[in-house]
Amino acid sequence: MLQTVPAVSSSLWNPSQRGIKKETMEFKRPQLSTISSRSLWLKFGCGHLQNSESTISRTFICASRRSQQDLSAKKQKAYPQNVDLPPVLPKKKKKPFPMPIEKIRQIARKEKKLAQLGIEKPLEPPKNGLLVPELIPVAYEVLDAWKLLIKGLAQLLLVIPVYGCSECSEVHVAQSGHHIQSCQGPTSSKRRSFHSWVRGSINDILLPIESYHMYDPFGHRVKHETRFDYDRIPAVVELCIQAGVDIPEYPSRRRTRPIRMLGKKVIDRGGFVEEPRPWHSRGSSALFDLDTDGVSRRFPPPSLTDIPRIAQETMETYEIVRTGVTKLMRKYSVKACGYCSEVHVGPWGHNVKLCGAFKHQWRDGKHGWQDAIVDEVFPPNYVWHVQDPNGPPLRSALKRFYGKVPAVVEVCIQAGAKIPEQYKPMMRLDIVVPETEETDLVA
C-alpha cells in the first residue's frame, strides 16, 4: 500500500541560474503492517539541468529500510575485541597516585588558605564522622555477598584444583601447573624460571587483604607499640562496618554530632572514648563466616548436579562485592601504602612500622600512605585462562596467544558458570591457539 507523495514546491530551485540546481527532501513512512521491526525511509529529490536552449527536470526516489533493533544495538555498551591487562608496577618504585598530583596540590593549597583565614574546613558525611544513610543497605549487601563468596569458593575448590608456586605469587587453575617460565622467586635461576607448583588454597584465589579494626576511625591512631591491641580483619569487612554494618563482635562508634576541622587539625571530635577490649571468642561462628581461615573444613564437597549452580551464584556474588566496594570507596576513605600491600580503612593511616618495601630504611619502616583504589582493597589476582583444563599444560612459546582473567572468575568458569561479557576481551576467546611448529607462521 502506497501513500500519496506531497508535491514539490517550485521555490526549491531558481530557473534564472545556469547549471544544475538540486534539492532533497526526506520523509519517513509509518511502520508497515507486514514488517514489524523495520521502517521504510523515502528520499525524494529533484534535479534541474539548464543550458542556453532548454531545461530538463528529473525527479528521483530512494527507499531504504532500517531495523530498529540495529539502531538500539548501538546504544548498548560494546566491549572491545581484545584488551591488555593493567601493567605490572615495578616494586622498586612508588605506586602512582589515583588522583593527579597537580589536583592534590591544588586542594591542599585551598585548604591551607582557608585555615590561614580561620575558616573551618567544609565537611560532608562521611568525612565529618557521620554515616551516609543511602549507603547503609549497600554495606549490608556487600557483607552478605562476602559471606556467600567465601562459602561458594570453599565448595568449588573441593572439586576444582588450584596450584600455587612455592617461590613466587603465581597461581594457576587447572588439573596441573603450567610450563610458562615466569617465576621470579629466589631460586628461579636453578629451575630456569619454571614454577615450583604446590596445591593451593582459597587464600591463593581470594587474596587476604586485612586491616586494623578501628572502634573510632577519627580517634587515636594505631601506634607501633599498641598494634597488638587491635584486631586484624578483612579490609572489605572493616569497610562495611564503618559504612554502617553493626557486628556485636566488632563494635564501632556512631557519632550524632559532626567533627570540625581547621585545615588538617581536628578542633572538635566529641572527645576521646575508651575503646572496648576484644572480648569475643575466636571460635564464634559469626566470625567464621567473615574470614577464610580454616574454611576448607567447614563445608562438605558439593554434588555434581549442584556444582554449576554454586559456580553461577559465586560469580554473581563476586560482582556484587566488587560493585559494592566501588560504591563505598567513593565516599569512605581508604588508605593504601604506596610501596607495599598494606591497607588501612579510615581517614588517616596508622603509624605501625612494618613496611619492608623499597627504601623502607629511609622511612623508618613507616608506610607511605595515599588514597587506595578498588584493586588494592579487593584485588582481582589475574591468572591464565585455560580453555581446556584437561588438555596439555600452557607453554612459554604460546604465551602471547593466552588470555587472563581474575582467579575467582576462572574457578567459576571451569565449574560451569557463564562467562560475563566484561571479561571476554581479556580472555582472548576469539584467538585460536596454534601448534608449536605453527607459531613462526602466525603474523
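Residues are numbered from 1 along each chain as its sequence is written, and side-chain values use heavy atoms, with hydrogens and water left out. Because the model is predicted, local features require a pLDDT of at least 70 and side-chain atom pairs count only at pLDDT 80 or more, whereas totals for chains, interfaces and linings use all residues.

The protein chain contains 10 helices and 15 strands, taken as DSSP runs numbered from the N terminus (helices H or I, at least four residues; strands E, at least two). Of its 443 residues, 38% are buried, where buried denotes a relative accessible area under 20%, exposed over 50% and partly exposed in between (1.4 Å probe, protein chains only). Among contacts (heavy atoms within 4.5 Å) between residues at least 6 apart in sequence, 68% join residues at least 24 apart.

Rolling a probe the size of a water molecule over the atoms shows where empty space is left. The search was made on a 1 Å grid over the protein atoms alone: a cavity is a set of points where a 1.4 Å probe fits but cannot get out, a pocket is an open set with protein on both sides within 12 Å along at least five of seven lines, and lining residues have an atom within 4 Å of a point. Grid points are joined across faces, edges and corners, and a volume is the space filled by probe spheres set on the points. By these criteria the structure holds 2 cavities of 30 Å³ or more.

The largest cavity has a volume of about 70 Å³. Its lining comprises 13 residues, with Met214, Pro217, Arg221, His344 and Trp348 lying nearest the centre. By class, this lining has 6 nonpolar, 6 polar and 1 charged residues; Ala, Val, Leu, Ile, Met, Phe, Trp, Tyr, Cys and Pro count as nonpolar, Asp, Glu, Lys and Arg as charged, and the others, Gly among them, as polar.

The second largest cavity has a volume of about 50 Å³. Its lining divides into 6 nonpolar, 3 polar and 1 charged residues, and includes His172, Val386, Asp388 and Leu394. His172 belongs to strand 5 (residues 171–173) and is buried, with a relative accessible area of 2%. Not counting residues up to four places away in sequence, His172 touches Val162, Tyr163, Gly177, His178, Trp197, Trp384, Val386 and Leu394.

The second largest pocket has a volume of about 1700 Å³. Of the 44 residues that line this pocket, Lys127, Ser333, Lys335, Pro347 and Asp371 are the closest to its centre. Helix 2 (101–116), strand 11 (334–337) and strand 13 (369–371) each supply at least two lining residues, and helix 2 gives the most, with 4 residues. The pocket lining has 23 nonpolar, 8 polar and 13 charged residues.

Rings of Phe, Tyr and Trp (its six-membered ring) were paired if their centres lie within 6.5 Å, with planes under 30 degrees apart counted as stacked, over 60 as edge-to-face and the rest as tilted. The count comes to 5 aromatic pairs. The rings of Tyr212 and Tyr230 have centres 6.5 Å apart and planes at 80°, so this pair is edge-to-face. Tyr212 lies in strand 7 (residues 210–212) and Tyr230 in the loop between strand 7 and strand 8 (232–234), so the pair ties together parts that are 18 residues apart in sequence. Tyr212 is buried at 5% relative accessible area, and Tyr230 is buried at 13%. The rings of Tyr318 and Phe378, with centres 5.4 Å apart and planes at 40°, form a tilted pair. This pair links distant parts of the chain, 60 residues apart: Tyr318 is in helix 7 (residues 307–329), and Phe378 is in the loop between helix 8 (374–377) and strand 14 (382–384).

Helix 9 (residues 407–414) is mostly covered, with 8 of its 8 residues buried. Just after helix 9, Gly416 adopts a positive phi of about 115°.
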